[in-house]
Amino acid sequence: MSAETVIADSRSNLEIEGQTYQIDSWTNVPQSILSFVPRRLHLQPSHPVSLTRKLIESRFPSPTYKHHNDLSPVVTVAQNFDSLGFPADHPGRNRSDTYYINKDTVLRTHTSAHEADIFRQNASEGYTISADVYRRDAVDRSHYPVFHQMEGARMWDRRKVPGGNIAKAVWDDLAKMPNHDLEVEDPNPTIHPERNPLQAEHHSQEEVEAVAAHLKRSLEGVVVELFSKAKQAAATVDAPDPLIQEEPLRVRWVEAYFPFTSPSWELEVFWQGDWLEILGCGVTKQDLYINAGIPNHIGWAFGLGLERVAMLLFSIPDIRLFWSRDMRFLSQFTTIEKINRFKSFSKHPACYKDVAFWLRSSSSSAGGGLRSNAQDFHENDVMEIVRIIGGDLVEDVRLVDEFQHPVSGRKSLCYRINYRSLERTLTNEEANEMHEHVKGELVNKLGVELR
């Protein structure tokens with residue numbers, strides 16, 4: 001699919017993959033973001049994001065699990081927020097966080113935008129969704145406005161299990177799953193009345209104990225699949241890391257809170273001498289099933305960021321690399337049978353430039369790309385301007401100083417922008433040109449006063 005599948009009409013419409021959408025006062029998605037829609041890294045056969053997806057999917061076989069990998073990124077506000085019970089004032093709905101096509105339509109901010117529809121279809125006992133998601137976010141080596149999520153779920157229907165005995169049915173399914181030799185730390189009880197409550201109006205403790213055990217065994221298997229291959233890859237490099245070679249593969253379960261599951265956990269893996277969060281999961285909130293028309297179901301769900309896992313698996317140091325078309329990067333990755341650690345092909349010098357400005361002192365408008373005062377200013381507006389102008393030639397943007405004038409009360413901010421290409425050395429003239437453009441757009445779009 002070519003870039004021509006995304007067309008911006010400067011008058012009143014956006015055309016995205018052959019569909020036309022009318023723009024309005026909510027529209028804030030720039031052409032630079034729309035250009036990512038056709039890329040679909042998670043479907044490119046040898047791309048590290050796609051290889052990571054395939055490795056995880058291998059632990060969730062058909063026909064029990066159905067894999068959804070080609071769902072459109074354009075969803076309704078109802079799908080993205082309302083179907084999941086997001087309050088009307090939730091910050092995720094703000095234009096400072098979300099890319100709006102119009103007031104009723106967005107680029108999905110998470111794979112869960114499709115959850116209610118898939119529950120409603122009820123076409124399989126389990127599923128995974130892998131997809132590109134879009135969020136206005138920070139500029140640094142681990143954040144990008146487009147990234148890839150994967151979520152999965154497993155369900156049991158009270159009407160279909162023998163005798164309606166959910167707990168026994170789940171334990172029977174668990175008994176068929178492969179064992180592993182992971183070292184597992186799981187010190188807390190499955191249910192805690194304050195920290196990790198049971199959905200007592202819907203589930204029994206026996207049912208949740210069984211569902212939680214099935215969930216944990218399933219996701220521990222994912223860790224075995226991923227990090228066993230990562231250890232093998234680490235052993236083949238010129239200077240193997242002794243921390244990776246000597247340490248046993250260990251995981252631990254940590255109590256957590258997520259709005260769509262209870263009880264909930266984060267799964268952490270001990271890797272290169274530190275505990276790293278890999279995913280979040282839990283027993284699915286029953287309201288999601290009820291609202292989708294399948295009130296007799298009970299089950300679990302998980303979610304993770306594919307880039308985050310791929311960066312660990314392939315030792316990729318900068319999230320911008322995933323979007324590179326440079327064959328020096330892409331040719332390093334081939335199949336899931338052989339995982340290669342990334343070998344750096346260049347390290348170009350950084351070029352730091354600061355921009356300082358006063359915010360306006362009077363109020364006139366909201367954030368999300370409009371002229372900002374100290375009350376409604378949002379840092380993501382700065383990040384978006386830098387991304388549109390610098391693209392992947394910017395490594396990170398950091399707030400390095402803030403000051404409030406003692407007399408006028410006006411607020412001043414100073415951001416440091418690191419201009420650095422992954423593929424070549426930038427000239428000072430190139431960096432200066434981009435930086436002047438950034439300063440001009442900060443004045444034009446946000447109404448700031450440069451210092």
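In helix α2, the buried residues are Pro-48, Val-49, Ser-50, Leu-51, Thr-52, Arg-53, Leu-55, Ile-56 and Glu-57; buried means under 20% relative accessible area, exposed over 50% and partly exposed in between, with a 1.4 Å probe and protein chains only. That makes nine of the 10 residues of α2 (residues 48-57), so the helix is largely enclosed by the rest of the structure. Helices here are DSSP runs of H or I with at least four residues, strands are runs of E with at least two, and both are numbered from the N terminus.

The model is a predicted one, so local features need pLDDT of at least 70 and side-chain atom pairs count only at pLDDT 80 or more, while totals for chains, interfaces and linings use all residues. Residues are numbered from 1 along each chain as its sequence is written, and side-chain values use heavy atoms, with hydrogens and water left out.

As for the overall build, the protein has 12 helices and 18 strands. Its radius of gyration, taken over C-alpha atoms, is 24 Å, close to the 22 Å from the globule rule (2.2 Å times the number of residues to the power 0.38) for 451 residues, so it is as compact as a globular protein of that length. Of the 451 residues, 53% count as buried. Among contacts (heavy atoms within 4.5 Å) with a separation of 6 or more, 67% are between residues 24 or more positions apart.

Next come the open spaces. On a 1 Å grid over the protein atoms alone, a pocket is an open set of points with protein on both sides within 12 Å along at least five of seven lines, a cavity is a set where a 1.4 Å probe fits but cannot get out, and lining residues have an atom within 4 Å of a point. Grid points are joined across faces, edges and corners, and a volume is the space filled by probe spheres set on the points.

The largest pocket holds about 1400 Å³. Its lining runs to 46 residues, with His-110, Arg-135, Phe-147, Gln-149 and Leu-304 the closest to the centre. Strand β13 (274-284) is among the elements that supply at least two lining residues, along with β9 (146-157), β14 (297-305) and α9 (306-314), and β13 gives the largest share, at seven.

The second largest pocket has a volume of about 390 Å³. It has 17 lining residues, and Pro-61, Tyr-65, Asp-173, Met-177 and His-214 sit nearest its centre. Helix α6 (residues 205-235) contributes the most, with four residues.

A search of the whole structure turns up one cavity of 30 Å³ or more. The volume of the largest cavity is about 50 Å³, and its lining includes Lys-66, His-68, Tyr-127 and Met-155.

The peptide bond between Ser-62 and Pro-63 is cis, with omega about 0 degrees, and Pro-63 lies in the loop between α2 and β4. Another cis bond runs from Ser-262 to Pro-263, with omega near -5 degrees; Pro-263 is in strand β12 (residues 261-271). Arg-40, not a glycine, has a positive phi of about 45 degrees and counts as buried at 14% relative accessibility. Ser-315, also not a glycine, has a positive phi of about 55 degrees and is partly exposed, with a relative accessible area of 23%.
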